[in-house]
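Me: I would like to learn how to read contacts that involve aromatic rings. Could you take me through them slowly?

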Amino acid sequence: MGAALSFVEPVALSTLTTMQVGGTPKSLQRCESTQELYQAAKSAWLSDEPHHILAGGSNTVFADDVSELNVILVSNRGLEIVFEDDEKVLVRVQAGESWDEFVAWAVERGYAGIEAMSGIPGTVGATPVQNVGGYGQEVSQVITQIEFLDAETHEVEIKPASFFNFSYRDSALKHGLVGVIGWVEFELKKLGGLSVPMASGQITNHVGAPYGSQLPLRQVRDVVIELRSSKGMVVRPEDPNSVSCGSFFTNPIISYGKSLEFPEEMQRWRMEDESQVKISSGWLIEHAGIPKGYHLPGSKAAISQKHALAITNTGGASAEEILQLARYVQERVAARWGINLIPEPNLIGF
């Protein structure tokens with residue numbers, strides 16, 4: 001029989017999320033070990049009551065009324081090197097570990113493969129869910145295996161990365177695979193203090209290097225944090241534009257033929273499958289007549305003043321105001337460009 005589950009006094013979920021909206025749940029459990037996390041999840045699955053497993057809170061918008069919701073807080077920390085040779089290192093990282101602290105740790109030790117994902121908020125265990133990425137890197141490129149508690153079988157198994165069917169900002173965890181991640185294992189490279197070849201023109205252009213260059217790890221981290229900060233995408237108390245979920249919509253992927261219908265100046269990126277093109281949601285939003293800083297009359301939810309792809313809480317916004325603005329953006333973009341923007345954060349309780 002497991003240890004007694006530890007509940008803490010429920011607090012408003014606005015205090016546990018970067019968007020800073022959301023009411024007070026029915027209960028709150030803080031799980032500081034993987035065993036506690038698994039036990040809490042199993043108990044929740046056996047109950048008929050609504051529940052949500054919350055990690056860093058950077059990609060979640062909770063409704064204003066969540067009084068029937070039970071929240072499990074992922075707080076297990078720690079990392080260990082499980083294998084190392086002259087070329088690579090395998091690192092096993094607990095789900096509740098801060099993602100950016102892990103990136104900083106890797107850069108400091110000369111381990112390459114995640115440096116361009118610096119400054120992304122949230123926890124390590126949340127990154128596989130939507131295959132988090134940025135500036136030409138994504139976690140599926142470096143994940144080897146994951147310890148996973150399956151909601152259907154209640155069994156804990158170590159699953160290879162292929163089990164999760166990763167694709168652009170997507171995985172099986174968004175399409176019916178339900179469970180809890182205990183830890184994630186990453187394979188990072190030893191390249192003499194250099195990065196993997198840069199797959200982002202934004203980084204190489206910024207430093208005046210050719211596309212595909214290998215740059216010093218510290219330089220890549222500093223440049224990425226500078227670029228993300230300029231868009232309000234690094235959570236900082238002094239930056240009101242960072243009171244957000246980061247990008248509120250994913251960049252659409254359309255056929256190459258469809259992309260030819262758009263103006264040449266629209267930002268676009270060819271995919272590995274050359275019949276497909278990724279286009280910029282931020283560009284679509286601004287060119288649908290929604291400028292940076294825009295808000296609906298009387299609303300405290302606004303488009304970021306730094307980046308049209310982010311919706312911000314300018315102070316005391318309700319969750320409903322955030323969603324009203326998101327719907328308005330979707331309607332305007334659909335009417336102007338015939339593209340349905342898909343929200344990136346998890347919308348809970350609406």
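The dialogue below turns to the aromatic rings of this predicted model.

Me: How is a pair of aromatic rings described?

Reply: In general, a pair of aromatic rings is described by how far apart the centres are and by the angle of the planes. In this structure, a search of the whole model finds 13 aromatic pairs. One of them is formed by Phe102 and Phe186, with 5.0 Å from centre to centre and 40° between the planes, and this pair is tilted.

Me: Which parts of the chain does the pair of Phe102 and Phe186 link?

Reply: The pair links distant parts of the chain, for Phe102 belongs to helix H2 (residues 99–108), whereas Phe186 belongs to strand E13 (residues 179–190), and the two are 84 residues apart.

Me: Are Phe102 and Phe186 buried or exposed?

Reply: The cut-off to keep in mind is that buried means under 20% relative accessible area. Phe102 has a relative accessible area of 1%, so Phe102 is buried, and Phe186, with a value of 0%, is therefore buried as well.

Me: Why is the pair of Trp105 and Tyr111 tilted?

Reply: Planes under 30 degrees apart count as stacked and those over 60 as edge-to-face, with the rest counted as tilted. The planes of Trp105 and Tyr111 lie at 55°, with the ring centres 5.7 Å apart, so this pair is tilted. Both Trp105 and Tyr111 are buried, and together with Trp99, Phe102 and Phe186 they form one aromatic cluster.

Me: Where does the charged end of Arg336 sit?

Reply: The charged end of Arg336 sits over the ring of Trp337, at 3.9 Å from the centre of that ring, while Lys278 lies over the face of Trp269, 5.6 Å from the ring centre.

Definitions and conventions. Residues numbered from 1 in each chain as written. Predicted model: local features only at pLDDT ≥ 70, side-chain atom pairs only at ≥ 80, totals over all residues. Heavy atoms only, no water. Phe/Tyr/Trp six-rings, centres within 6.5 Å; stacked < 30°, edge-to-face > 60°. Helix = DSSP H or I, 4+ residues; strand = E, 2+ residues; numbered from the N terminus. Buried < 20%, exposed > 50% of the residue type's maximum accessible area, 1.4 Å probe, protein only. Lys NZ or Arg CZ within 6 Å of the ring centre and 35° of its normal.
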